[in-house]
Every structure is written in C-alpha cells, then in structure tokens.
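Subject: The structure, and what I found in it

Hi there,

Here is the structure I promised to pass on. Have a look at it first, and then read on for my notes.

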Amino acid sequence: MERRQEIIKKYNDAFKDLPVLPLNHKDDNHVSSGHLYIIRIKNITEEQRNEIIVKMAEKGIACNVHYKPLPMLTAYKNLGFNIKDYPNSYGFYKNEITLPLYSRLTNEEVDYIIENFTKIIGEYTL
C-alpha cells in the first residue's frame with residue numbers, strides 16, 4: 001500500500017494544475033487502499049475520452065474505464081433502463097479514465113505515464 005500511495009502522490013502533484021479531478025485517496029477521515037487511480041478530465045466527451053485511451057495505448061500505457069453505469073449494461077437495457085434517465089451517472093462515466101497504479105511501477109514508468117497523459121490530454125483541454 002505504501003508504494004501505491006507514493007505513486008498517487010506523484011500523480012496528484014503532476015496533475016494539480018491540469019483540468020482534471022482525481023479520486024480523493026486520502027484526507028483527514030480516510031485513506032484508500034490505492035487500488036485504482038481514477039481521474040476525470042473536465043469538459044471532454046465520451047468519444048474524446050476513448051481517443052485518449054487509444055493514444056495512451058499507442059504509447060504502451062494501458063488505461064481503462066473502470067466503472068460503467070448499470071443502465072448502460074445490456075442486462076439493464078433489456079429491462080428497460082435508459083442512461084438518459086441517469087444524467088449524473090453518465091456525467092461521471094463519460095470523462096473518467098483509470099491510469100495504471102500498481103506497486104511494481106518504477107518511478108521512471110510513473111514519469112512516462114505522467115508525461116504522456118499530460119501531453120495527450122493537452123490536445124483536448126487547452
């Protein structure tokens with residue numbers, strides 16, 4: 001858990017002046033396990049988010065969308081759920097990306113992720 005917290009701090013420090021909202025991993029009331037580094041990029045669309053994920057993959061960095069709202073899953077759609085009825089859920093989903101966060105990442109790898117993520121999102125947010 002300690003190494004994950006170090007990586008979270010590096011990410012948070014690197015992204016503090018960018019138009020992003022990272023998941024809060026630590027405050028006076030809690031400390032997360034650091035299992036995921038979920039970040040939301042302000043003012044982008046779902047399509048742009050997907051393009052960012054592809055561009056990160058082209059750099060050898062596996063990113064993901066970790067949580068998909070239930071109304072977007074086939075079983076729920078088949079039950080009549082429609083994501084249009086859940087604008088808040090969709091709002092959180094459409095611009096969310098999960099960056100790599102595992103204890104064996106080296107500082108060089110973390111720096112590489114930061115450098116590429118910063119550059120790539122700059123194409124969409126500046």
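Lys-55 counts as partly exposed, because its relative accessibility is 28% (buried means under 20% relative accessible area, exposed over 50%, and partly exposed in between, with a 1.4 Å probe and protein chains only). Its side chain meets that of Glu-123 in a salt bridge, at 2.7 Å from N to O; the term stands for a side-chain nitrogen of Lys or Arg within 4 Å of a carboxyl oxygen of Asp or Glu. Glu-123 lies in helix α5 and Lys-55 in helix α2, so this pair ties together parts that are 68 residues apart in sequence. Glu-123 is partly exposed too, with a relative accessible area of 48%.

Before going further, a word on the basis: this is a predicted model, in which local features need pLDDT of at least 70 and side-chain atom pairs count only at pLDDT 80 or more, while totals for chains, interfaces and linings use all residues. Residues are numbered from 1 along each chain as its sequence is written, and side-chain values use heavy atoms, with hydrogens and water left out.

On to the other salt bridges. By the rule above, the count comes to five. One of them joins Asp-111 and Lys-10, at 3.2 Å from N to O. Asp-111 is in helix α5 and Lys-10 in helix α1, so the two tie together parts that are 101 residues apart in sequence. Both count as partly exposed, Asp-111 at 38% relative accessibility and Lys-10 at 27%. Another pairs Lys-9 with Asp-13, whose closest N and O atoms are 2.8 Å apart. Here both residues lie in helix α1 (residues 2-15), four residues apart, which is about one turn of the helix. An α-helix has 3.6 residues a turn, so residues three or four places apart point the same way. Asp-13 is partly exposed, with a relative accessible area of 40%.

How far apart are the end C-alpha atoms of α2? They are 19 Å apart, which agrees with the 18 Å that its 13 residues (46-58) should span at 1.5 Å a residue; the expected span is 1.5 Å times one less than the number of residues. Within α2, Glu-46, Arg-49, Ile-52, Ile-53 and Met-56 are buried. These five cover an arc of only 115° around the axis, which puts them on the same side of α2 (the arc is that of the directions from the helix axis to the C-beta atoms). Glu-47 and Glu-58 are exposed on the other side. The cover over the buried residues of α2 includes β4 (37-41), α4 (87-94), β5 (96-99) and α5 (107-125). After α2 comes Gly-60, with a positive phi near 85°.

Helix α5 has 19 residues and reaches 26 Å from its first C-alpha to its last, close to the 27 Å expected. Its buried residues are Val-110, Ile-113, Ile-114, Asn-116, Phe-117, Ile-120, Ile-121 and Tyr-124. They are covered by elements including α1, β1 (20-22), β4, α2 and β5. Asn-116 may interest you: it is buried, with a relative accessible area of 8%. Apart from its neighbours within four places in sequence, Asn-116 is in contact with Met-56, Lys-59 and Ile-61 (contact means heavy atoms within 4.5 Å).

Finally, the loops. Asn-43, between β4 and α2, has a positive phi of about 60° although it is not a glycine. Most residues other than glycine have a negative phi. Asn-43 is exposed, with a relative accessible area of 75%. Ala-62 sits in the loop between α2 and α3 and is exposed as well, at 63%. Its C-alpha is separated by 30 Å from that of Phe-81, 19 residues apart along the chain. Tyr-86 is in the loop between α3 (74-78) and α4, and counts as partly exposed at 32% relative accessibility.

Happy to hear your thoughts once you have looked through it.

Best wishes
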